[in-house]
Amino acid sequence: MAPGLHRFTDIAGDGAPRLDAASGEELVRVDRGASVALGRQAPEPPGTLFVTTRRVIWLSEAEKGKAYAVDFVAISLHAVSRDLEAYPSPCIYTQIEAEVGTDEAAAAESDSEASGELELSRVSEMRIILADPGQLDALFDVFCHCAELNPDPNAERNGGNGWFLGEDMADGGWVHGDDDMVDENGPEPEFFNANPIGQNGGYDINRSVFELQINDQRFEDAEEEQESRENGH
């Protein structure tokens, strides 16, 4: 498996990251004034976000030489979050395959935060806060595209695909991972929820689905409408 979140040091003299051109890595998007929040820590001061065909790189503007990177193959889920009760700023929320399992990673994050140092390889969540929240959807689309370019090599073996409710995602979020799954209430599965959420895997566009809108009432409204139709109203 690719390493999780790690420090990035390959920075050119002009302040931009050096890409692995030999392997075909290309720059896809740049966002200036972007902050990242690692685990449960407060957001870093604004820096520059570079999204390439292989990874996500963030360079600090306030502290020269401070930079983080994570390969797309290590990002297991990405979503747009706009619920200010869940997080105080609209952001791209990502889950990262950490060095240890999710529960262990969360405990490790708590221990390292208590000691004042964060062990990057154990960070399992990262949020990206843009200077212009109106660009979140465009950034999400780029994440989906790049996730498709970097499928999880273990996805074929893991199996277990299909629609499932994200029970750990605060009352919301449907994730899709089955080519044959069709929503009975809609013509195409990709239109089941108009908000995107993405999961990295080996199933092309079907693993890059729709935004998690935490505490969204549309699922509840849809259930009420369905119940009404079943009762003949």
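This is a predicted model: local features need pLDDT of at least 70, side-chain atom pairs count only at pLDDT 80 or more; totals for chains, interfaces and linings use all residues.
Figure 1. The protein has four helices and 11 strands, and of its 233 residues, 45% count as buried. The protein exposes about 12,300 Å², of which carbon and sulfur atoms supply 47%.

**Figure 2. The surroundings of Glu25.** Glu25 lies in the loop between strand S1 (6-7) and strand S2 (27-38), and with a relative accessible area of 5% the residue is classed as buried, because the limit for that class is under 20%. The side chain of Glu25 is joined to the side chain of Thr52 by a polar contact of 2.7 Å, and a polar contact of 2.7 Å also joins the side chains of Glu25 and Arg55. When residues up to four places away in sequence are not counted, Glu25 touches Leu19, Asp20, Thr52, Thr53, Arg54 and Arg55.

**Figure 3. The largest nonpolar core.** In soluble globular proteins, nonpolar side chains tend to be buried together. In the model shown here, the largest nonpolar core has 29 residues, and those with the most contacts inside it are Leu5, Leu38, Ile128 and Phe143. Two or more residues of this core are given by each of several elements, namely S2, strand S3 (47-52), strand S4 (55-60), strand S5 (67-71), strand S6 (75-81), strand S7 (91-96), strand S8 (125-129) and helix H2 (136-149). The largest share of this core, seven residues, comes from H2.

Figure 4. Leu38, one of the residues with the most contacts inside the largest nonpolar core, touches Leu5, Tyr68, Leu118, Leu120, Val123, Glu125 and Met126, with residues up to four places away in sequence not counted. A second, separate core consists of six residues, among them Phe50, Ile57, Ala67 and Ala69.

Figure 5. Rolling a probe the size of a water molecule over the atoms shows where empty space is left. A search of the whole structure finds one cavity of 30 Å³ or more, and the largest cavity has a volume of about 30 Å³. The lining of the largest cavity is formed by Leu5, Leu49, Val56, Ile57, Trp58, Tyr68, Ala69, Val70 and Met126, and the elements that give two or more residues to this lining are S4 and S5. Of these lining residues, Leu5 is also named among those with the most contacts inside the largest nonpolar core, while Ile57 and Ala69 belong to the second core.

Technical notes
Residues are numbered from 1 along each chain as its sequence is written. Side-chain values use heavy atoms; hydrogens and water are left out. Buried means under 20% relative accessible area, exposed over 50%, partly exposed in between (1.4 Å probe, protein chains only). A polar contact is a pair of N or O atoms within 3.5 Å; within protein, one must be able to donate a hydrogen and the other to accept it, and residues adjacent in sequence count only if both atoms are side-chain atoms. Contact means heavy atoms within 4.5 Å. A nonpolar core is a set of buried Ala, Val, Leu, Ile, Met, Phe, Trp, Tyr and Cys residues joined through side-chain atoms within 4.5 Å. Accessible areas come from the Shrake-Rupley method with a 1.4 Å probe; for residues, only the protein chains shown count as cover. On a 1 Å grid over the protein atoms alone, a cavity is a set of points where a 1.4 Å probe fits but cannot get out, and a pocket is an open set with protein on both sides within 12 Å along at least five of seven lines; lining residues have an atom within 4 Å of a point. Grid points are joined across faces, edges and corners, and a volume is the space filled by probe spheres set on the points.
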